[in-house]
Amino acid sequence: MRIIPLLLILSFFSINPPAISQTLIDNSSSPNKLRVFIDGCERRDGGCDMDFIRTEITAVDFYRDNEMADVFLLINNNRSGGGGRQYQLIFIGQQNLHAGRSDTLYVNNKQTDTDFEVRDKLTRFIKLGLAPYLAKTKAGEGVDINMKTSPIALEDTQQESVDSWDYWVFNIGSDATLN
């Protein structure tokens, strides 16, 4: 008599329906959209604006959980010697086809750059860094890449200096002898 309830209990626990929330990641097919997690983006300096980055980069999904993301983007920033700021963008592939791939980009800004110029340049470099990862997704098929550079970026930054003294050198000296 005690065997029947024991068999019922064992049969109840042995029949498990597959869990609905568990999904397997297929490493051979391209994912629909690239999943990106960004760490180190703080608004205190005005350059790293997550709201702006999310609205400008729509070809990827931004995740709050770094373990679920295909690409982990770490942003470090330091002051440069001239008073500007240098951002270090470290792209680390974590999932699917991107596992094991990493890349680092540097974004240099001048002290005179406005917050808008800094965040625009930073977002442009984030797009550049995500491009190789995005190319391996289905969303990458619909991305346009403009490879034109602005004429301002191509100008020579050296300016010829004009010396009103025509490079004259003056030496003033004195000599005294007492006997």
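## Charges over rings

A charge sits over a ring if NZ of Lys or CZ of Arg is within 6 Å of the ring centre and within 35 degrees of the ring normal. In this predicted model, Arg 119 lies over the face of Phe 52, at 4.2 Å from the ring centre. A further case involves Arg 101, which is placed over the face of Tyr 133 at 5.2 Å from the ring centre.

## Asp 49 and its contacts

Arg 119 also takes part in a polar contact: its side chain meets the side chain of Asp 49 at 3.2 Å. Asp 49 is found in the loop between β1 and α2, the latter covering residues 50–56. The side chain of Asp 49 additionally reaches the backbone nitrogen of Asp 51, at 3.3 Å.

Is Asp 49 buried or exposed? Its relative accessible area is 8%, and buried means under 20%; Asp 49 is therefore buried.

## Strand pairing

Strand β1 (residues 34–39) pairs with strand β3 (residues 71–79) in the parallel sense, over 4 bridges. Within this pairing, Ile 38 stands opposite Leu 73 in β3.

Strand β3 also pairs with strand β4 (residues 85–93), here in the antiparallel sense and over 9 bridges. Val 71 stands opposite Gly 93 in β4. Together β3 and β4 form a hairpin, with 5 residues between them. In the turn of this hairpin, Gly 83 has a positive phi of about 95°.

How values were computed:
Residues are numbered from 1 along each chain as its sequence is written. This is a predicted model: local features need pLDDT of at least 70, side-chain atom pairs count only at pLDDT 80 or more; totals for chains, interfaces and linings use all residues. Side-chain values use heavy atoms; hydrogens and water are left out. Two strands pair if DSSP finds at least two bridges between them. Helices (H or I, at least four residues) and strands (E, at least two) are DSSP runs, numbered from the N terminus. Buried means under 20% relative accessible area, exposed over 50%, partly exposed in between (1.4 Å probe, protein chains only). A polar contact is a pair of N or O atoms within 3.5 Å; within protein, one must be able to donate a hydrogen and the other to accept it, and residues adjacent in sequence count only if both atoms are side-chain atoms.
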